[in-house]
Structures are given as C-alpha cells and as structure tokens.
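Keep the structure in view while reading.

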Amino acid sequence: MLPTTVDRVPQHTPARYNRRIHSDTQLNIYESAAGGSREIAERLKELDREWDIERLLEANAASLALTGVVLGATVDRRLLILPAAVTAFLLQHALQGWCPPVPLFRRLGFRTAGEINEERTALKLIRGDFDGVRNESQSRMPNVDRILAAVRR
C-alpha cells in the first residue's frame with residue numbers, strides 16, 4: 001500500500017527530524033503571534049516564499065538529470081546513467097515519499113507543503129481570518145466563499 005501524499009515524507013523521515021520540524025513550527029507560530037498582526041502578516045509572506053521539500057527535490061532532480069544528459073552527449077555516453085538514476089529516485093519518491101536526499105533535506109529543516117500550510121492556517125486562525133465564516137441565516141451552513149477568501153489571504 002502506498003502512503004498518502006500528506007504522510008509519505010514524514011513517514012520516511014527519522015523521528016528526531018520530524019520532532020525538530022514540529023518544534024520549530026510551534027516556535028514560529030508562538031513568536032509571530034506574540035508580535036501581533038504585523039508580525040503574523042510578515043511571517044505569512046515568508047511562508048509564501050518558502051520552498052517545500054517537493055519543490056527542492058524537483059529542482060535538484062531536474063538539474064542533475066539535465067547535467068547528466070549534457071555530459072552524456074558531450075563527454076561520455078556512460079554518464080547517461082546519472083539522469084537514469086535521478087529519474088528512478090524521483091519516481092521512488094513520488095510513490096513512497098523517500099529518495100536519497102530526503103533525510104538530508106529534512107535534517108536541514110525543509111518541510112512538506114502540508115507542514116507549511118499548517119503553520120499558515122494556524123497563523124490565520126490566530127489573526128482572526130476565519131471569523132464570520134458561518135452564514136447568519138438559520139441554515140448553519142458555512143459560507144464557502146468567505147472561508148476560501150480567508151484561507152487565500
């Protein structure tokens with residue numbers, strides 16, 4: 001059985017790295033909340049610029065594969081093994097959530113998109129972005145447009 005998209009990287013990350021990433025996220029939230037709305041807004045901008053581990057892996061894999069193709073075409077055909085290996089590892093990561101650079105990147109603190117979005121959503125909740133998302137009518141159904149507008153801020 002293949003792991004879910006959300007769980008696959010944390011499942012293949014040593015627990016100590018997951019704990020440190022979680023702890024750092026908590027600290028980021030605490031410090032931003034203590035700084036008030038302006039600090040939360042700045043932190044949200046930082047989160048918009050943060051590269052998640054998937055983006056980092058894709059950029060690195062593409063760079064290595066392209067380098068291997070160029071070297072294979074210009075230096076020695078045997079160097080085509082590099083793009084073959086890189087794409088095999090990228091496929092393994094897509095299916096399982098693990099490939100050789102994942103432990104290193106997690107150790108360096110790179111987070112999944114889900115982990116970044118958890119921090120983003122927590123900060124928006126603290127800032128009050130989700131106030132008033134329920135309809136004022138008796139239907140008790142949420143106002144989806146207002147919810148999405150709050151999440152997208």
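Helices (H or I, at least four residues) and strands (E, at least two) are DSSP runs, numbered from the N terminus. From that end on, the elements of this chain run α-α-α-α-α-α-α-α, giving 8 helices and 0 strands. This is a predicted model, in which local features need pLDDT of at least 70 and side-chain atom pairs count only at pLDDT 80 or more, while totals for chains, interfaces and linings use all residues. Residues are numbered from 1 along each chain as its sequence is written, and side-chain values use heavy atoms, with hydrogens and water left out.

Contact means heavy atoms within 4.5 Å. Of the contacts in the chain with a separation of 6 or more, 65% are between residues 24 or more positions apart. The accessible surface (Shrake-Rupley method, 1.4 Å probe; for residues, only the protein chains shown count as cover) comes to about 10200 Å², and 58% of it belongs to carbon and sulfur atoms. A residue is buried under 20% relative accessible area, exposed over 50%, and partly exposed in between (1.4 Å probe, protein chains only). Buried residues make up 27% of the 153 residues in the chain.

Side chains of opposite charge can pair when their charged atoms come close. A salt bridge is a side-chain nitrogen of Lys or Arg within 4 Å of a carboxyl oxygen of Asp or Glu, and the structure holds 10 of them. One of them joins Lys45 and Glu42 (3.7 Å, N to O). Both lie in helix H3 (residues 37-49), 3 residues apart, about one turn of the helix. Lys45 is partly exposed at 44% relative accessibility, and Glu42 is partly exposed at 37%.

Where does the pair of Glu115 and Arg106 sit, buried or exposed? Glu115 counts as buried because its relative accessibility is 14%, and Arg106 counts as buried at 0%. Their closest N and O atoms are 2.7 Å apart. Elsewhere, salt bridges that share partners join Arg43, Glu46, Glu50, Arg111 and Glu119 into one network.

Patches are made of residues with over 30% relative accessible area and no salt bridge; like charges are joined within 9 Å, and nonpolar side chains (Val, Leu, Ile, Met, Phe, Trp, Tyr) within 5 Å. Leu2, Leu91 and Leu95 make a nonpolar surface patch of about 300 Å². Leu91 belongs to helix H5 (residues 81-96) and is exposed, at 52% relative accessibility.
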